[in-house]
Amino acid sequence: MIAGLVLLAGGAAVGLFGSLLGLGGGILLVPLLTLGFGLPLREAVAISLVSVIVTSSAGAGVYLRRHVANLRLGMVLELFTACGALAGGLIAFALPVPVLEGLFALLLGWVAVSMLRRREPAPAAAGEAAEEPVPVAEELAAVTPPAGPTASRPTSPAPVLGPAGGGAATLAFAGPMSFAASLSGPGYLVDRLGFGAIGAVFAGVVSALLGVGGGIIKVPLMNLAMGVPLKVATATSNMMIGITATSSAVIYLLRDEIDPYIAGPVALGVFAGASVGARVVNRIDTGVLRTLFVVVLLVTAVQMGLKAVGL
């Protein structure tokens, strides 16, 4: 009973801080279970994947209801991510545990450095009008390539801003469009789909190996390489990671690495903490919290690295 409450509280703390800092719970949960509770790494990864499934399932519905996530792009990329997750689940049992611990230590260090270099957006100047968000529609008006002889020779369309209802501007396309362009959303054009597919496979492998959901790879992949706005990339990644985690969690389940007496309280705690964090994130100045958390990540990375080399 006491152990269950401790696991519940630990999961809640992980979910809360992960939500406040924009991180998935796995980056925190795996070190907590291995270093704090003494669980084997593979079992900790498996439990982290279960928590990712729970939190993603809760958040995906909200993003889809608000038309923020790009469902079509997410499902196309998820085909490749799921394949990578299945492969990663098999690779995880072929690699020695110290190798996995070393990989996780490197991941923690990379995330810490990335957070340290992140800069908060500068506040708008006084008297400057705030930028109006682009209206989010369920579908683009021109997502289907035209029928006829030109349909067999799709090319990347040139985006044209045209008037929409209420005087807002939406993205329209002149001429036939490629498959990648058909996955675009209001105000942006998806590009480099082939590179995105390769990156999605890698994200699936990392997710299965380390139990982190893959969002730390998918978000910059979609935002920086494919031209998807950050808000849309984050929402789409959140929708995808649950499917990614399910693909690899099946492998761990068949290998009997998921203990329901541990996974249950932890997953509930992570879900509760993430729910609270989502409601209070706009009321908290996360600058000091981020700096403190960078220190925690670096210390944890050192501990995981020492464990990997047997010290």
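S237 sits in helix α8, which covers residues 230-254. In this predicted model, S237 is buried, because its relative accessible area is 3% and the cut-off for buried is under 20%.

**Around S237**
- Once neighbours within four places in sequence are set aside, S237 touches G215, K218, V219 and M222.
- P220 is 17 residues away from S237 in sequence, and the two C-alpha atoms lie 10.0 Å apart in space.

**Overall fold**
- The chain holds ten helices and two strands.
- Reading from the N terminus, the order of elements is α-α-α-α-α-β-β-α-α-α-α-α.
- Of the 311 residues in the chain, 44% are buried.
- Take the contacts between residues at least 6 apart in sequence: 76% of them link residues at least 24 apart.

**Helix α5**
- Helix α5 runs over residues 97-117, so 21 residues in total.
- Buried positions in α5 include L100, E101, F104, A105 and L107. Also on the buried list for α5 are L108, G109, V111, A112 and M115.

**Surface**
- The chain exposes about 15700 Å², and carbon and sulfur atoms account for 69% of that.
- L64, L71, M75 and I243 make a nonpolar surface patch of about 300 Å².
- L64, one of the patch residues, belongs to helix α3 (residues 41-65).
- Is L64 buried or partly exposed? L64 counts as partly exposed, because its relative accessible area of 34% falls between the 20% and 50% cut-offs.

- Mean pLDDT for the chain is 76, and 76% of the residues reach 70 or more.
- Over residues 120-175 the pLDDT is below 50. Beyond near neighbours in sequence, that stretch still has 65 contacts in the model.

Conventions:
Residues numbered from 1 in each chain as written. Predicted model: local features only at pLDDT ≥ 70, side-chain atom pairs only at ≥ 80, totals over all residues. Heavy atoms only, no water. Patch = residues over 30% accessible without salt bridge, like charges linked within 9 Å, V, L, I, M, F, W, Y side chains within 5 Å. Areas by Shrake-Rupley, 256 points an atom, 1.4 Å probe, with all protein chains shown as cover. Salt bridge = Lys/Arg side-chain N within 4 Å of Asp/Glu carboxyl O. Helix = DSSP H or I, 4+ residues; strand = E, 2+ residues; numbered from the N terminus. Buried < 20%, exposed > 50% of the residue type's maximum accessible area, 1.4 Å probe, protein only. pLDDT = per-residue confidence, 0-100. Contact = heavy atoms within 4.5 Å. Expected span 1.5 Å × (residues − 1).
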